[in-house]
Amino acid sequence: MEAPKHHLTKPSNSLEIQPSPPEAAPLRVLIMVASIAAGVQFGWALQLSLLTPYVQLLGIPHTWAAFIWLCGPISGMLVQPIVGYHSDRCTSRFGRRRPFIAAGAVLVAIAVFLIGFAADIGHLSGDTTTKTPKTRAIAVFVVGFWILDVANNMLQGPCRALLADLSGENHKKTRTANAFFSFFMAVGNVLGFAAGSYTHFYKIFPFSKTAACDVYCANLKSCFFVSIALLIALTTIALSLVKEKQFEKPEEVPGKKAGVPFFGEIWGALRELKRPMWVLLLVTCLNWIAWFPFLLFDTDWMGREVYGGKVGEGKMYDKGVRAGALGLMLNSIVLGFMSLGIEFVARMLGGVKRLWGVVNFLLAFCLGMTVLITKLAESTRRYGPGGPGTDPLPPPPGVQAGALALFAALGIPQAVSFVH
């Protein structure tokens, strides 16, 4: 990622606005800004590990859960370009990036509150505790969930842009800043998945368990309390200690518009791309098409396919979800170490391009292994004295170890996807 520069160049008959190179900030400043990723990713980790099972407890059919998650790609496609366009041109006295980061953090807090209290708000609005689907709770949850995804995209883009600004024209420092951002994402993941796998977290906030919110819901709500506190604390510290200069827009040439709307700029850039770049974009697109089903249904896969449980029936589904959260924590640990050592690994393999190719093959292999693990779990499924139709016994240790190893191995390609 090349650092933004703010200076003016004057072609033959037009004036173009470009950013001018700031001095590179000290490493401790980059670390403070990158640490915001830990607060952001704590909330994402809770989404990935607990929300798909949670929406089914509210009564949303399994097949419809994926449609709710569509807000992530849609908001990423629309919100990040809009926020990036306006943050590049923001003339606030607080700086270009900091107002968007602060607004994103506040919106995340509001959204998390709506999601955590969706069942309680729905109950107060007329939902019954015995009937599903809980339509009012679902409505509150969906609104909060979409706000959360929009806010997260609003927050992460300016954070990365601020890191690029603070890195100046030092490309090595830019790569280091991205590596620290990825590292703190892994830290947030570890904390979030650890919290999601702990079944008695709600006891820290005993008021979270209500008539409309059972233990599972109360655990999620309690985790969100910690998520809000962590994000607000890290954001406040970073924005208080890191200063930005006010950006002043240059005067426009009379009779010439200041610029093309950002979607026009994107379209213009795409038209000029060479064939190798189109191939790179296509592979990246396929890469994320492969990632999203796993990221959305990983803990649900553990609960249903590996542990053989059913939502709301018996204890095995919940045990599988918690085992999935443990797997995601292992994934984040590998991701964190890989993020810090990615330059070394790239040199060992002969360059970044070769590393990127290797991890794409590793991703394909790991995702293919989910089929094998599912078949092994089905073929070794055991039941108690009641036989089939009752809650199954946990899968054999070998199947559990294989599933957890799969989660951990996927941290390697994930780290490369985040940093490069």
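Reply: Gladly! Let us start with contact, which means heavy atoms within 4.5 Å. By that rule serine 167 touches Ala24, Leu30, Lys173, Thr174 and Ala177, not counting residues up to four places away in sequence. Please keep in mind that this is a predicted model, where local features need pLDDT of at least 70, side-chain atom pairs count only at pLDDT 80 or more, and totals for chains, interfaces and linings use all residues. Residues are numbered from 1 along each chain as its sequence is written, and side-chain values use heavy atoms, leaving out hydrogens and water.

Me: Why is serine 167 called buried?

Reply: Buried means under 20% relative accessible area, with exposed over 50% and partly exposed in between (1.4 Å probe, protein chains only). Serine 167 has a relative accessible area of 0%, so serine 167 is buried. Its place is in helix α7 (residues 135–167); helices are DSSP runs (H or I, at least four residues), numbered from the N terminus.

Me: What makes asparagine 219 count as buried?

Reply: Its relative accessibility is 10%, so asparagine 219 counts as buried. Asparagine 219 sits in helix α9 (residues 215–241). It touches Tyr198, Thr199, His200, Phe201 and Tyr202, again leaving aside residues up to four places away in sequence.

Me: And where is leucine 328, and is it buried or exposed?

Reply: Leucine 328 lies in helix α12 (residues 316–340). With a relative accessible area of 4%, leucine 328 is therefore buried. Leucine 328 and alanine 45 are 283 residues apart in sequence, yet 8.3 Å apart in space, C-alpha to C-alpha.

Me: How do you know whether α14 and α15 are roughly parallel or antiparallel?

Reply: Axes are lines fitted to C-alpha atoms, for helices over the stretch in contact, and angles run from 0 to 180 degrees between N-to-C directions. Angles under 35 degrees count as roughly parallel, over 145 as roughly antiparallel, 65 to 115 as roughly perpendicular and the rest as oblique. The axes of α14 (residues 352–379) and α15 (residues 397–409) come within 10 Å and cross at roughly 165 degrees. The two helices are therefore roughly antiparallel to each other. Residues in the contact include Leu362 and Met369 of α14 and Val399 and Leu406 of α15.

Me: What classes of residue make up that contact of α14 with α15?

Reply: Ten are nonpolar, two polar and none charged. Here Ala, Val, Leu, Ile, Met, Phe, Trp, Tyr, Cys and Pro count as nonpolar, Asp, Glu, Lys and Arg as charged, and the others, Gly among them, as polar.

Me: What is the span of α15 set against?

Reply: The expected span of a helix is 1.5 Å times one less than its number of residues. With 13 residues, α15 reaches 18 Å from its first C-alpha to its last, close to the 18 Å expected. The buried residues of α15 are Val399, Ala403, Leu406, Phe407 and Ala408.

Me: How do α12 and α15 pack?

Reply: Their axes are 7 Å apart, at an angle of about 35 degrees. Among the residues that meet are Leu328 in α12 and Phe407 in α15. This contact has eight nonpolar, three polar and no charged residues.

Me: Finally, what makes α11 roughly parallel to α14?

Reply: Helix α11 (residues 275–306) and α14 pack at an angle of about 25 degrees, with their axes 11 Å apart. That angle makes α11 roughly parallel to α14. Their contact has twelve nonpolar, five polar and two charged residues.
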